[in-house]
Amino acid sequence: MHPKLFTIGPFTIYSYGLMLGIGFIVASTILTRELRRKGIDPNFGSTITLLAVFFGIAGSKVLYLIENWPSFARDPFGMAFSPGGLTWYGGFFLATVAIMVYARRKKIPFRRICDAAAPALMLGYGIARLGCHFAGDGDYGMPTSLPWGAVYSNGTYPPSVAFREFPEIVAQYGVNGVVPDTIPVHPTPVYEFVMGILFFFLLWKLRAVTATREGRLFMWYL
């Protein structure tokens, strides 16, 4: 995989950050279109996207640090400011709360915004998961002999590190107590990308069916 795509002077373009950015841009475009269709000022779409970016990344980082508290206690500065280490659920919850507060202040129906965002969130999530695939950050699956098994030897979290806390995997696939970095594994981020696209089209089709009940499409997304 390719965690770093290229470097321009002092700036390095990371594959994860690039796909995350593309995911936000695509989601913002779809959200703006849906807000206009639902009779809401589409300019709110940019603000909602900015809130999602800021609070999404902040919440993802905070939850990741909580989940890995012993490591954070040993190296708080390094863990807090590392480019990796994000737990999606934390960002989702914090961003949702921030957007809810914003919607109430602007007197915009929150459930209507949620329905407008549902397809966009699904597709944006799927695109962002490709960033995990290119970065090889440990979100891949178990070893496999299937022809589409992926090798993450150049990833930021190669199999020799990712599987060392799984003694049963080490016992089955390890060499001298270490799982080789060249072992093919399930490319689960790619699976999620494909599922994200399929569920996006499903939610897109369900918009008309759920139009009379605000919030229902978002619940289907969840």
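This is a predicted model: local features need pLDDT of at least 70, side-chain atom pairs count only at pLDDT 80 or more; totals for chains, interfaces and linings use all residues.
A crossing of two helices is called left-handed if the near helix is turned anticlockwise from the far one by less than a right angle, and right-handed if it is turned clockwise. With that in hand, the crossing of helices α1 and α6 can be named: it is right-handed.

Two packed helices are described by the angle between their axes and the distance between the axes. For α1, which spans residues 15-37, and α6, the angle is about 165° and the axes lie 8 Å apart. Angles over 145 degrees count as roughly antiparallel, and α1 and α6 are therefore roughly antiparallel to each other. Sorted by class, the residues in the contact of α1 with α6 comprise 20 nonpolar, 4 polar and 1 charged.

Helix α6 also packs against α9. Here the two axes come within 8 Å and cross at roughly 170°, which makes α6 roughly antiparallel to α9 as well. The handedness of this pair is left-handed, whereas α1 and α6 cross in a right-handed manner. On the α6 side, the contact is made by A118, P119, M122, L123, Y125, G126, I127, R129, L130, C132 and H133. Helix α9 contributes P189, V190, E192, F193, G196, I197, F199, F200, L203 and W204. Of the residues in this contact, 16 are nonpolar, 3 are polar and 2 are charged.

F199 belongs to helix α9, which covers residues 188-206, and takes part in the contact with α6. How exposed is F199, by relative accessibility? The value is 39%, so F199 counts as partly exposed, since that class lies between the cut-offs of 20% for buried and 50% for exposed. F199 and P184 are 15 residues apart along the chain, and their C-alpha atoms are separated by 27 Å.

A further partner of α6 is α5. Helix α5 runs over residues 88-105 and α6 over residues 110-135; their axes come within 11 Å and cross at roughly 150°. That angle also lies over the cut-off of 145 degrees, and α5 and α6 are therefore roughly antiparallel to each other. Helix α5 passes α6 in a right-handed crossing. From α5, the residues in contact are W88, F92, T96, I99, M100 and A103, while α6 supplies F110, I113, L121 and Y125. By class, this contact has 9 nonpolar residues and 1 polar residue, with no charged residues.

The loop between α5 and α6 holds K107. Its phi is near 55°, a positive value in a residue other than glycine. Is K107 buried or exposed? Its relative accessible area is 75%, so K107 is exposed.

Attention can now turn to the strands. Strand β1 covers residues 4-8 and is hardly covered, with a count of 0 buried residues among its 5 residues. Strand β2 (residues 11-14) runs antiparallel to β1, and 4 bridges join the two. Within this pairing, T7 has T12 of β2 as its bridge partner, and I8 stands opposite F11 in β2. The hairpin of β1 and β2 has 2 residues between the strands, and G9 takes a positive phi near 60° there.

Finally, the chain as a whole. How many helices and strands does the protein chain have? There are 10 helices and 2 strands, and along the sequence the order is β-β-α-α-α-α-α-α-α-α-α-α. Taken along the principal axes, the C-alpha atoms fill a box of roughly 65 × 40 × 35 Å. Of the 222 residues in the protein chain, 39% are buried. Among the contacts with a separation of 6 or more, 64% are accounted for by residues 24 or more positions apart.

Definitions and conventions: Residues are numbered from 1 along each chain as its sequence is written. Side-chain values use heavy atoms; hydrogens and water are left out. Buried means under 20% relative accessible area, exposed over 50%, partly exposed in between (1.4 Å probe, protein chains only). Two strands pair if DSSP finds at least two bridges between them. Axes are lines fitted to C-alpha atoms, for helices over the stretch in contact, and angles run from 0 to 180 degrees between N-to-C directions. Angles under 35 degrees count as roughly parallel, over 145 as roughly antiparallel, 65 to 115 as roughly perpendicular and the rest as oblique. Contact means heavy atoms within 4.5 Å. Ala, Val, Leu, Ile, Met, Phe, Trp, Tyr, Cys and Pro count as nonpolar, Asp, Glu, Lys and Arg as charged, and the others, Gly among them, as polar.
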